[in-house]
Amino acid sequence: MSSTPRTLFDKIWDSHVVQRLPDGTCVLYIDRHLVHEVTSPQAFEGLRMAGRPVRRPDCTIAVADHNIPTVGSRVPSDIKEQDSRIQVETLEKNVKEFGVPYIPILDVRQGIVHIIGPELGVSLPGMTIVCGDSHTSTHGALGALAFGIGTSEVEHVLATQTLLQKPAKNMQIDVTGTLGFGCSAKDVVLAIIGKIGTGGGTGHVIEYTGDTIRALDMAGRMTVSNMSIEAGARAGLIAPDETTFAYVKGREFAPKGEAYEQAVAYWRSLPSDAGATYDATVRLTTAEIAPMVTWGTTPGAVVPITGAVPDPTEIDDPGLREQAQRMVDYMGLAPGQKLEGVPIDVVFIGSCTNGRIEDIRAAAAVAKGRKVADGVQALVVPGSGLVKRQAEQEGLDRILLEAGFEWREPCCSMCLGMNPDKLTPGQRCASTSNRNFEGRQGPNGRTHLVSPSMAAAAAVTGRLADVRQLG
Amino acid sequence: MDKFTTLTGIAAPLPMANVDTDKIIPARFLKTIKRSGLGVHLFDSLRYRKDGSENPDFVLNRPPYREAQVLIAHENFGCGSSREHAPWALLDFGIRCVIAPDFADIFFNNSFKNGILPIRLPRAVCDQLMEDTKLGGNARITVDLERQVVVRPNGEEIAFEIDPFRKHLLLNGLDDIGQTLQHAPKIDSYEATRRAEMPWIPATTG
Ligand code: SF4
């Protein structure tokens, strides 16, 4: 082996190259393929037309998440929207025909694909993990190379268990310092995107380093890695450490006993070598991180809650000025307006960014003993059935229900509004999801991305509020 | 994927430049679970009138072009979004070859992935071929990929260029997957090594 110091990305990449083609493209081996109902139908159809089997069903797992209702019957044939029902039923038919392991909707383990991968121990350090979904970057929090792929590539992985890929560049984002009161992983990643911009990571895989990242629990690391794609990066990575090993231990599909020890020994070899170089490095300190809130329609349009909407006329670049003006208009805000105090209509707590038990605990801590403000609809959608069950065992559902929140069944829900949970035109939402694009949560809906505790603070005050003021 | 060797069929003229993927297949038909069946929506806005009936003036609604296997167009064919639904729709209609002065990059690549041969020929030649199509049912042209020629109805041969690697894939009916499967022995041995070195990697089959 060469003695050149390598990054975590380099090590995972090198260990998965099956064949390097003359033009530098690699046949890259894929350890885990997560499949959901929206991007897989044409891939299975392609296999059927070509008479090809799924090469490694034992490396594949499927679940339906995007289209599932969060209330009422969750039997697929009862889904009212025809497009949604057909996508779910098609997945169920395909997994049966091709022998792919599947987690049924009524199974307690069902949930958002990026929540359940780590939760079930399907996603492990050092692996290559793909899914026909851009937020596959979430799994990078375990120290796995995880990225989203298109439908042709889904078919390619199903048929060959490999992808044709060229290596990405390495970017390091180093965050140091202790997070202040009221700040969470969501604020860290929003601050990062605010700093480097939504195209800042293009062409790169980001490795997050520094004591702030090391101090995060796995849920927080997943929140950070999840939004790597929002910075334009192909994937995010966090080196596996004791926190990771403890998290993986005992999970359903994770190695057990002797196998677990062998695995940990290997995982310890993964972190970037001393002296490994990155193509780019960005440094942040926690002094730059406060509870954050987006004001525009890209995740990079973000300020601390104490901040104000920027004045587009003060922007020199004509293109950026026009974009800022369009965002201010769409969001129904005024230049210079303080974000704190902006009235909201809806609160959404959930998604693959913030739908884990830790996120629900954070929301419940703020909600406890308080009431959702009049006229505000506040939704809590656990990321999986296991998260929901855990929360109920801890009594978090009762705290939230007493405060006037709605307690729903697991699904992507209002993150993208493919199921009936949508904003109506003009509604303003404080959301723990990851995208605030125009119409993302419903046509002409307005999204402010925030952390779970900030979302709960918005629910109980009826406004964008500084959670630190609630004590 | 079907092999592409020699094709003899009806060619339809579409004397338009910048035919974008939205024209080829509008966005509203993307919420589908199939890649087949999109042929009825091919060129939807050109092919159908507001009330849903066929527009009799549109070339693909007229005999003999309803049976067209070759499409001849002007510059920058296939520009716009990266949707693979565009080649899927063409293929489902029966088009296996598009001839134009040039193509948008992504569409050009997506075509090969789906077994469609895009041929670049100078504008004057495209116009000449469009003239040929007016011979109606006699407007059969032949596309011979092996010899890299388009044969006009009068027997004249026009040479075209193609990347040798892509030619190889089409002639052998290899899509990206077929191509990768040629490395199957390498994948097998990679898997065997990995199983030996990392026996702890668990299966998802429980
Ligand atoms: S929760 Fe949202 S971002 Fe995550 S997979 Fe579902 S739709 Fe995509």
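A polar contact is a pair of N or O atoms within 3.5 Å; within protein, one must be able to donate a hydrogen and the other to accept it, and residues adjacent in sequence count only if both atoms are side-chain atoms. By this criterion the side chains of A:Gln87 and A:Asn67 are joined at 3.0 Å. The model is predicted, so local features need pLDDT of at least 70 and side-chain atom pairs count only at pLDDT 80 or more, whereas totals for chains, interfaces and linings use all residues. Residues are numbered from 1 along each chain as its sequence is written, chains are lettered from A and ligands numbered from 1 in the order in which they are written, and side-chain values use heavy atoms, with hydrogens and water left out.

- A:Gln87 belongs to helix 3 of chain A; helices (H or I, at least four residues) and strands (E, at least two) are DSSP runs, numbered from the N terminus.
- A:Gln87 counts as buried because its relative accessibility is 4%; buried means under 20% relative accessible area, exposed over 50%, and partly exposed in between (1.4 Å probe, protein chains only).
- Not counting residues up to four places away in sequence, A:Gln87 touches A:Glu37, A:Val38, A:Asn67 and A:Met418, as well as B:Thr32 and B:Ile33 of the other chain; contact means heavy atoms within 4.5 Å.

**Interface of chain A and chain B**

- In this interface, 51 residues of chain A are in contact with 33 residues of chain B.
- The two chains bury about 3,500 Å² between them, 58% of it on carbon and sulfur atoms; buried area is the accessible area (1.4 Å probe) that two parts lose on being put together, summed over both.
- A:Gln42, A:Arg52 and A:Arg55 supply 16% of the area that chain A buries against chain B, more than any other three residues.
- Across the interface there are 19 residue pairs in polar contact, both residues being at pLDDT 80 or more.
- The elements that give two or more residues to the side of chain A that touches chain B include strand 1 (17–20), strand 2 (26–29), helix 3 (82–98), strand 8 (162–165) and helix 10 (257–267) of chain A.
- Helix 5 of chain A provides the largest share of that side, six residues.
- By class, the side of chain A that touches chain B has 25 nonpolar, 17 polar and nine charged residues; Ala, Val, Leu, Ile, Met, Phe, Trp, Tyr, Cys and Pro count as nonpolar, Asp, Glu, Lys and Arg as charged, and the others, Gly among them, as polar.

**Salt bridges**

- A:Arg52 pairs with B:Asp175 in a salt bridge, with the closest N and O atoms 3.3 Å apart.
- A:Arg52 lies in the loop between helix 2 (41–50) and strand 4 (60–63) of chain A, and B:Asp175 in the loop between helix 6 (164–171) and helix 7 (176–181) of chain B, so the pair joins two chains; A:Arg52 and B:Asp175 are both buried.
- B:Arg35 forms a salt bridge with A:Glu155, the closest N and O atoms lying 2.4 Å apart.
- This pair joins two chains because B:Arg35 is in the loop between helix 1 (21–24) and helix 2 (44–47) of chain B, while A:Glu155 is in helix 5 (residues 151–160) of chain A.
- B:Arg35 is buried at 9% relative accessibility, and A:Glu155 is buried with a relative accessible area of 6%.
- Salt bridges that share partners join A:Arg55, A:Arg56, A:Asp58, B:Asp188 and B:Glu191 into one network.
- A:Asp58 is partly exposed at 22% relative accessibility, whereas A:Arg56 is buried at 16%.

**Nonpolar cores**

- The largest nonpolar core has 122 residues, and those with the most contacts inside it are A:Phe44, A:Trp267, A:Trp295, A:Val347 and A:Phe405; such a core is a set of buried Ala, Val, Leu, Ile, Met, Phe, Trp, Tyr and Cys residues joined through side-chain atoms within 4.5 Å.
- Apart from this core lies another, of 54 residues, among them B:Ile24, B:Ala89, B:Ile99 and B:Ile162.

**Chain B**

- Chain B has eight helices and seven strands, and buried residues make up 54% of its 206 residues.

Technical notes: Salt bridge = Lys/Arg side-chain N within 4 Å of Asp/Glu carboxyl O.
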